[in-house]
Amino acid sequence: MVAIIQLAIMLGAMVGGTLFDAWGYRGPFSVAAALLVIASLLAVVTSRIRTMPIFAEQLA
């Protein structure tokens with residue numbers, strides 16, 4: 001587990017630095033924003049909470 005965290009830190013710094021060199025400060029922020037949107041959409045799509053059937057049962 002520690003090795004994976006260290007690898008993520010290393011890759012994050014390497015990719016962020018490369019993006020910064022290529023596109024300036026907007027590169028890493030744009031990629032981070034895109035990853036955040038993708039992660040948010042995946043969290044919503046894979047959520048196991050279903051509010052509509054429970055709400056329909058309460059009305060009946």
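Author: Of the protein's 60 residues, 3% count as buried (under 20% relative accessible area, with exposed over 50% and partly exposed in between; 1.4 Å probe, protein chains only). This is a predicted model, where local features need pLDDT of at least 70, side-chain atom pairs count only at pLDDT 80 or more, and totals for chains, interfaces and linings use all residues. Residues are numbered from 1 along each chain as its sequence is written, and side-chain values use heavy atoms, with hydrogens and water left out.

Reader: What span does α1 reach?

Author: 31 Å from first C-alpha to last, over 22 residues. That is close to the 32 Å expected at 1.5 Å a residue (1.5 Å times one less than the number of residues).

Reader: And what comes just after α1?

Author: Gly-24, with a positive phi of about 80°.

Reader: Switching to Arg-26. Why does it count as exposed?

Author: Because its relative accessibility is 57%. Arg-26 sits in helix α2, residues 26-45.

Reader: Which side chain does the Arg-26 side chain contact?

Author: That of Tyr-25, in a polar contact at 3.4 Å. Such a contact is a pair of N or O atoms within 3.5 Å; within protein, one must be able to donate a hydrogen and the other to accept it, and residues adjacent in sequence count only if both atoms are side-chain atoms.

Reader: Leu-7: where is it?

Author: In helix α1, residues 2-23. Leu-7 is partly exposed because its relative accessible area is 42%.

How values were computed. Helix = DSSP H or I, 4+ residues; strand = E, 2+ residues; numbered from the N terminus.
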